Amino acid sequence: MIDNQIIATVVVHLFTAIIQLAFWSKTITQRILSIAGCIIGFIFSIILFTNVFNGSILTMNAANWEAPFGIVFVADLLSSTFVLLTSIAALAVSIFSAVGIGKARMHYGYFPMFHFLIMGLNGAFLTGDIFNLYVWFEVIIIASFVLLTLGGRKAQLEGAVKYMALNILASTFFLTGIGIIYGITGTLNMADLSLKIPLVQDQNIVNLTAIFFMIGFGIKSAVFPLYFWLPSSYHTPPSAVAAIFGGLLTKAGLYALFRVFTLIFIPNEFIKTVLVGLAIMTILTGVFGAIIRNNMRHLFSYLIVCHIGFIVGGLGLYTKVAFMGAIFYLIHDIMVKTNLFLISGLIRKLRGTMNMSKLGGLYAEYPKISLLIAVVLFSLVGIPPLSGFWPKIYLFEASFAGKSYLFLASLIIASFITLYVIAKLWAEVFWKEASTDEIVADSFQPLSRFKKTLLILPIGILACTSLFIGLYAEFIIQVANRISNEMLDPSPYIKAVLGK
Amino acid sequence: MELLLVFLIGVLYAAGVYLILRRSMVRLLLGIILLGNGTNILIFLLGNIVKGKPPIIGANLKVFQDIYADPVPQALILTAIVISFGLTSFAIVLLKRVYALINTDDLDDLNTPEEEEDL
Amino acid sequence: MLFTVLSGLITSGLFIPFGKYFRTKWGAVIAILPILLFCYLLQFIPVISTGITLYESYEWVPSLHINFDLRLDGLSLLFSLLITGIGSLIFIYASSYLKGHSYLDRFYGYLCLFMASMLGIVLSDNIILLFVFWELTSISSFFLIGFNNDHADSRKSAITALSVTGLGGFFLLAGLILMGSIAGTYSIGQLIESASIIKNHELYPIVLGLVFIGAFTKSAQFPFHFWLPDAMKAPTPVSAYLHSATMVKAGIFLLARFTPILGGTSAWSYTLMIVGGFTMIYAALHSLFRTDLKAVLAYSTISALGILTFLIGIGTQEALIAAITFTVVHALYKATLFLTTGIIDHETETRDLSKLSGLRKVLFPVFIAGTLAALSSAGMPLLFGFISKDLIYEATLHSEQHLALYLTIAAVLTNVCLVAAGFMAGIKPFLGNLPQQYEKVHLPDQSMWIPPLILALLGLAFGLFPAVAGYFIVSPAVTSMSAETVNAHLQVWHGFNTVLLLSLVTLALGSILFLYNKPDSRKLTLLVPLNKVSPQNITKKLFKKFVNFSAWYTNIMHNGFLRSYLLKIIIFAEALLAYELFIGGSIYIDYTQLSPISIYEAVNVLILIAAVGLTVTTSSRLTAVVGTSAIGYAICLMFVYYSAPDLAMTQFTIDTLTVVLFVFVLFNLPSFINQANNKIIIRDSIVAITFGTLLSIIAIKVLQVPTDITISEFYGQFAYTLAKGKNVVNVILVDFRGLDTMFEIVVLSIAALGVYSLIRLKLKSSEKD
């Protein structure tokens, strides 16, 4: 069905950003505009999601050129779920930014950049054209560069150089892949590619192309051994920025992996094995990193890496059950990881540090905030019946069915280490008595009640979403089920785009 | 001729990779530029090259009468060139700022021990 | 039944907003909840004892077949009565024990959460639902052990306990899922029906192993037992409730629950007999060396859990009856002993056995409770413990012929030690002379000494009228573990037989051991050489190795050097591409399709390659930049030659701009210093040349594929007729694929804004966010 509303979520953020440019130095206006823009975007994404969930795949032909000749936007359930999750995360981060980001950064375009980034993400999730996807990825990259460097602190810039180099390399691989794929099929439309790729006589070339995409998107998803940019940079920007990065940037890479490897390249045994192998190594790499880090954001960065392995493994097993586990995990992960970085920002406000050995006493001083955070931490660990628990059932089941016991073992190890580091974090940050030799720089207490609310509300929104995901798992499972069906059988997608 | 271009692509990719593996930030950037050039030529080559037949419809014609160069790769490369210019120029300025901060362009020096207060 | 489970969860949630009202003496009010639940459950005894099982079901996650399926049979009723009954007393006891504690509300919150989860475990008819509550008990235990969270010890013990039970939990989950996928159901009732399918499945040993790890970690079986003595850092009511009477029995419950599903095979029996048997002897011996009252109790608890595992392993009907009876017996006497210990600790502020004596003079009712419990634990006739000891010996004697002797010896050995341990904990502090410093000790509040007394008296009551317990509690519980209805005839007098003899021998030997085993802290040093090989130390060392390895690995992989990251990525890409090319077979080149080389082209390419060479090798920044721009201009010429005038123009402009920017920036940079040695240069060259070669080969391969030109033909066809443009490239850019261009411009604008901000914004160190 053709429906031009589907790029509303892109347009909203584009306009929000442009209007904000007009209010370059009016930080209060920018804040209001940002929250308003995110709310509108959120409403549109809900509409989009319900339309797709209750109806069928929606498409839109840009400039009215029919696919495969023009650029087409496609909202299937996978896309619209991502858009919805992005909108929720964006709303939370936008509210948090209103207090969590300093005025200096706002004076230099923090909010427009933020909205450009969200726009880029939404665009990437919705486009049905492989080259257009590249353009969206570049929008994401450049916006994230700017957000990462905004403020110009030493650590930020050092992280940004590595981030930049590795991400541009990823784009190079991606673009090379696009060049080859055009060379062998003469088309860029993903649905059209899905039809034409199997017709290519030399499937060896197809596999070679798939490797370019795997590496390009692998870097963006921070998969072993391509993950280096993530722990090099995620601890450097302000927490609000880290939150949107932590929750969504790698997920855009994962989205692309899922899209490309279920629609365009149906992986052969070799690629599947490679994906599962990478997933295992990714999980272990994250585990090893997480266990030795003492700074909360370093720890969370490695946990991101670790849990990306869960999702990639689900893709690599390539069965319906595995897909359901991976998709459910993705949905859970976006909410929780965004929230973790917001939490680290809040804790920094409370204590002026994110070093676990220097922190302490939060439970005694802020019991209710602590319990709110506990909900998020337990969701992350997957304490049943919270959100991280359900996908594990599918992933365990899938690895038994696929006889990939190594993957199963790494899942168990990762679950355990996550539990351990979070228990340690809780003991250190919340239980331990506040250290007395350090001067506690509490920049939270002096804030007005309104500002305090603005800091805690987004954490609450995301925590409630996580709770919803956990307690109403049935609904998420239905979504995951539908998405997995879409991924295993792309013909409805192709029919929606090409009409055949 | 295609073989010559194939060779050229190899040279550009190799040179690009070699340069990004160096310690100097300037070389890193040059390497990225070379890789970009290599990719562009690859896209160009794979979309059937034709000599002297630009994809421009003749003055009095409405459609092509003759064979013509595939316009799609050209359009893609054009977009890619401009985008990578955006990225490169930002990276160049970033390089300047980093240089101003740590007074070297040695990439190995980008490891300030984690001083959290500086975040 | 649903309400039974949910009420505790809801109450614990309500403590978050309303907790502050329960910090005072009103805290005891909350005990109404377990008391009501206990009374509610009591009324099911007559129904359940007829062998009926009650079911309830509420939909939750039907897609996964995970629903609130609850079942109330003999086994669940027995456990839920223990949970709520002992729970009621603990709630009351704690209100005095923690009187004035500023976080009493949190304590009750956790306790309610725990009680609800525990009820959830025993009432679940769905193994995944069971697991949900299983994990919740671990979490509530974590919070309760770490309740005194300003002590580093408490925090550490809490983490240890959570880690061990949590790790076991993940294994259990894997086992449950595997079991579920073999049988195609998560419902316990249906699993029992498909028991033979599971037992004959090739993965049965794996299921068994995974489930065992879960049960053993939770129930503190060797070698996972070490978290339990550590967990004694929790306030004593918690130790009594969670770490003795209920939570640690969850593992036992699980084994009992799964007996009809997984049990009866030799793998099941032997594993349980060996693990349980070893644990019970190991822990019983250990308990003799302790001087801390709670440590004695902790080890004797582990030993008791070992006995239970051991009995379930024997698996005969007699053994199961013994196991169920002993569960009740142990819960009663061990909870009593913990509570009396708590009183002693609370009043004298020590738990050191070598210092305590004569307390009967000041804590008489406590002395009565302690003595009754100790005697029950020792198996003194007329107490409930006597019955269970008889049953245990009966079970071992009547087990398989060739095993009976060994099993009986193990049981006697364990019980002898446990007799002594029980006397140490329940009687020793009250005997002898009252030291001066304890003369002022006085009896605590009634709410503290009545609960243990009630429990101890219950032990006496059941001991006098065992048939009541046998008919109403034990028989239904054993029935739900077996295929047929079981009637357990518990009686005080069995006549003169081997069993009675063994009981008396045990009692006598145990008493002698108690008299000669003086509590002395120096004894503990005897165990020091053993500590090296204790599971706790081995685990600690392994974990430390793991952490060291993690640090080593992380520092190698993520070493801070960008070039090393790039190198790894490139090599990884090369490996994959090379492999794929290798299996792709030979490459052929169809020369007929290639266009000829003109001098002009050749020269241009030569210039290009020369410029590349210059860029790569020069040591001057400026030369390198000039080289790069030369490359750009040469490519520009190539574009002109190959029918791409627009590209040529763009390339020319962009190249010029880049050079200008570069020169502008490089203005004040020093020249390259040669920072690499030859080895690295050679390595990098090889990597680079390999990459270039791979790309060339791939390009050649792609050139052989005939190009599909439908789309570019469409553009040629309609560029003018529909889009009104003659330059097709331009038409594509602004119309057919106009969106790309639009966002390409957005990228440029963002970059421009970013450059502006990057140059202008320099935060001072005071500006944090």
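User: How many residues of chain A and of chain B does their contact take?

Analyst: Two residues are in contact if their C-beta atoms, placed from the backbone, lie within 7 Å. Here the contact takes 30 residues from chain A and 32 residues from chain B. On the chain A side, helix 6 (130–149) and helix 7 (154–185) each give two or more residues, and helix 7 of chain A has the largest share, 16 residues. Helices (H or I, at least four residues) and strands (E, at least two) are DSSP runs, numbered from the N terminus. A word on the model: it is predicted, so local features need pLDDT of at least 70 and side-chain atom pairs count only at pLDDT 80 or more, while totals for chains, interfaces and linings use all residues. Residues are numbered from 1 along each chain as its sequence is written, and chains are lettered from A and ligands numbered from 1 in the order in which they are written.

User: And which helix of chain B gives the most to the side that touches chain C?

Analyst: In that contact, 77 residues of chain B meet 86 residues of chain C. Helix 3 of chain B gives the most to the chain B side, with 23 residues. By class, that side has 53 nonpolar, 11 polar and 13 charged residues. Ala, Val, Leu, Ile, Met, Phe, Trp, Tyr, Cys and Pro count as nonpolar, Asp, Glu, Lys and Arg as charged, and the others, Gly among them, as polar.

User: Which residues touch the most other members of the largest nonpolar core?

Analyst: A nonpolar core is a set of buried Ala, Val, Leu, Ile, Met, Phe, Trp, Tyr and Cys residues joined through C-beta atoms within 7 Å; buried means 20 or more other C-beta atoms within 10 Å of a residue's own. This core has 560 residues, and Ile142(A), Ile9(B), Leu94(B) and Leu311(C) touch the most other members. Helix 14 (residues 320–351) of chain A supplies the largest share, 20 residues. Leaving aside neighbours within four places in sequence, Leu94(B) is in contact with residues including Leu157(A), Met164(A) and Leu758(C).

User: What joins strand 1 to strand 2 in chain C?

Analyst: Two strands pair if DSSP finds at least two bridges between them. Six bridges join strand 1 (residues 54–61) of chain C to strand 2 (residues 66–72) of chain C, and the two run antiparallel. Val61(C) stands opposite Ile66(C). The strands form a hairpin with four residues between them, and His65(C) in the turn has a positive phi of about 60 degrees.

How values were computed: A residue is buried if 20 or more other C-beta atoms lie within 10 Å of its own, exposed if 12 or fewer, and partly exposed in between; C-beta atoms are placed from the backbone.
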